[in-house]
Amino acid sequence: MSCLKEQFDELRKIYPDEIKDAMVLPLLQMTLKAKGHLVESDALYIADYLELPAMQVKEAMTWYSMLYRTPVGKHVVKVCRSVACSLRGEQRIVAHISKKLGIKPGETTADNKFTLLEVECLASCGTAPMMQINDTYHEDLTEAKIDQILEALQ
Amino acid sequence: MSNIEFSIDDKKLEALPGETVLKAALRNGIDIPYLCYHPCLSIAGNCRICLVRIKGRPGFHPSCNLPVAPGMEIESDCEDVSAVRKNVMQFITLNHPVDCPVCDKAGECKLQNYHFKYNGSASLSIDAKKHKPKFYDVNERILLDAERCILCSRCVRFTHEISKSGMLGITERGQQSRVEHLESGAAKDDYSDNIIQNCPVGALLSRDFLYKSRVWYLEPVASVCNGCARGCSVDVWRRKHHWKVRALGSEKNRMAYRITAKQNDDINGRWICNKGFDLNKQINDFASRATKPAIGGMDATCQDALSEARKLIFEAKKPAAIVSAHASNEELEAFKKTLGSRVEVYVRKDYEPAAGEVVEDELLIKADKNPNSTKVEELFGKESFSAAAGHDLVLVWGDNVEYSALSGAKIIHLATQKPNGNPDVLIPISTQFERKGSYTNFEGKVNRFEQVFDKPELVLHASDVFGRL
Ligand code: SF4
Ligand code: SF4
Ligand code: FES
Ligand code: FES
């Protein structure tokens, strides 16, 4: 944790104390980067560091789909399950990926290459159904398109 | 700044500077529905049941978050608005179990009332409801039925803004959202029970009251908490006369089913502490209640106990009295008038902070755990009893007294609870909940309490006793 603390201190210099709440997300991201996934004690540590209520940090930690709370593989496939995507076949999409990778949502392949997650709205409702793999959006999905995308990552 | 003129449903109104449409409407007796809004908490604007129209502007606006502007014309009672409210109700109850028949909140639930008023039709959804945890432990006093929660965040805002424990938060997103506390460490909050009352639906449940009664069998009686020198206003909920149990379980008729905070802007605002919510345990503690007069430990009639006490006072060379900081203003005055000049008077605080109890905080709780120290001290000074003064008779008025500290003097005890030992004369007296009266709190504010129950047969009112001694 000590080198993480140094990174925290470094960032803290830029943030005035009145808006220290705004540091919650960058600190969570730094921790994620260092540890791969986040658990409640990470939220407690950050809350303690910023002197904020721990629940406030935990709320942020559980809100964002890029803050992983279980160990993930190399490629994280996040399929949006919110209303627009759901209406346009999200379940079909998930079923297809599941079959292709041989894992259920929430699981990681044995070779640690893929993790499949269902997440809330990724703000691309107009191009539903969609998924995000790592930092890239893949929109207007069809089974054929998915096959192509996953093959390219193999 | 002067007031702002505007109108709701063509009715000309005035709003105070900075007021929102909802506040101004409520102040003027116009009933705009609301769920997430609470006058003491920050505005969340997330339930959307308070939507109104502004003439000349498209769309609907949440009135809890809409500052009044001069000349604004609000429509809150037209067909469009009603239709929107109906839709909002459909949405809010999409995953709500609507299990009113088994819900403690039924009868005083905002959601139930609005459902009845604005929606009234069955769910349009054909999908199965989303299930969430039932009976999630918030702490040792409170349970959460997450399926009933409408995520208004009132409870969360309370713990962050009022009690400052920060114990609750809303985790996850979308359909998965729920109110939770940290997995590590219990959710500790000395004011936690207020969130039960403030939850607009039956999601937060008091373990103490859970399934004890339907609320419509009960009625509130205004009272005052005697737990500390703040003297918060509370409501004591007893069974309504019409619903008295006539067969088995007659003790239910004189039970305090629950305590709730009573709004009193001068003293406690809208909150009380958990000790106040536990007042019913004190009221329902029939086992330690003194109910029979006694002379030297043997049961006696009221008449005999009184004449024995009178005789003792008459014979005493140096009689003293210890008066209690739990006595009401009226009783203290009566004592002063009748016995006050015949005996030497000392004052006594019946209760000190108990082990583990919060001694004092910045919100309500005071270090003095007695409700009426102000009046006792005003009438009788601050001097406490000392054995060195050599009194041969002590009239003890109050509870929680150790006789050993009275150095062998004869004792007449006026008590509400069974004493630890046998005084020469024991006269059981009524509790605060068996009579009317008032206390003067630490700031000198007088707060009145009403009678909740009748006193037991052989118990006397202290103020009636003094004149007869
Ligand atoms: S538990 Fe009650 S007060 Fe808390 S968010 Fe849910 S509905 Fe609102
Ligand atoms: S603050 Fe004092 S008077 Fe108020 S409820 Fe708590 S114990 Fe009772
Ligand atoms: S619903 Fe899927 S991106 Fe918004
Ligand atoms: S009361 Fe206005 S949005 Fe809830």
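Buried means under 20% relative accessible area, exposed means over 50%, and partly exposed lies in between (1.4 Å probe, protein chains only). This is a predicted model: local features need pLDDT of at least 70, side-chain atom pairs count only at pLDDT 80 or more, and totals for chains, interfaces and linings use all residues. Residues are numbered from 1 along each chain as its sequence is written, chains are lettered from A and ligands numbered from 1 in the order in which they are written, and side-chain values use heavy atoms, with hydrogens and water left out.

**Helix α6 of chain A**

- α6(A) covers residues 90–101, twelve in total, and reaches 16 Å from its first C-alpha to its last, close to the expected 16 Å. The expected span is 1.5 Å times one less than the number of residues.
- Helices (H or I, at least four residues) and strands (E, at least two) are DSSP runs, numbered from the N terminus.
- The buried residues of α6(A) are E90(A), I93(A), V94(A), I97(A), S98(A) and L101(A). They sit on the same side of α6(A) because they cover an arc of only 130° around the axis. That arc is taken from the directions from the helix axis to the C-beta atoms.
- Q91(A) and K99(A), on the other side of α6(A), are exposed.
- Packing partners of the buried residues in chain A are β1 (75–80), α5 (83–87), β2 (114–119), β3 (131–133) and α7 (143–153). Contact means heavy atoms within 4.5 Å.
- G102(A) follows α6(A) and has a positive phi, near 75°.

**Aromatic pairs**

- The whole structure holds 14 aromatic pairs over all chains. Rings of Phe, Tyr and Trp (its six-membered ring) pair if their centres lie within 6.5 Å; planes under 30 degrees apart count as stacked, over 60 as edge-to-face and the rest as tilted.
- Y217(B) and W243(B) have ring centres 4.7 Å apart and planes at 50°, so this pair is tilted. Y217(B) lies in the loop between β10 (204–206) and β11 (218–224) of chain B, and W243(B) in the loop between β12 (233–239) and β13 (258–261) of chain B, so the pair ties together parts 26 residues apart in sequence.
- Y217(B) is partly exposed at 24% relative accessible area. W243(B) is also partly exposed, at 36%.
- F335(B) and W397(B) form a tilted pair, 5.6 Å centre to centre with 40° between the planes. F335(B) is in helix α9 (329–338) and W397(B) in strand β18 (393–397) of chain B, so the pair ties together parts 62 residues apart in sequence.
- Both F335(B) and W397(B) are buried.
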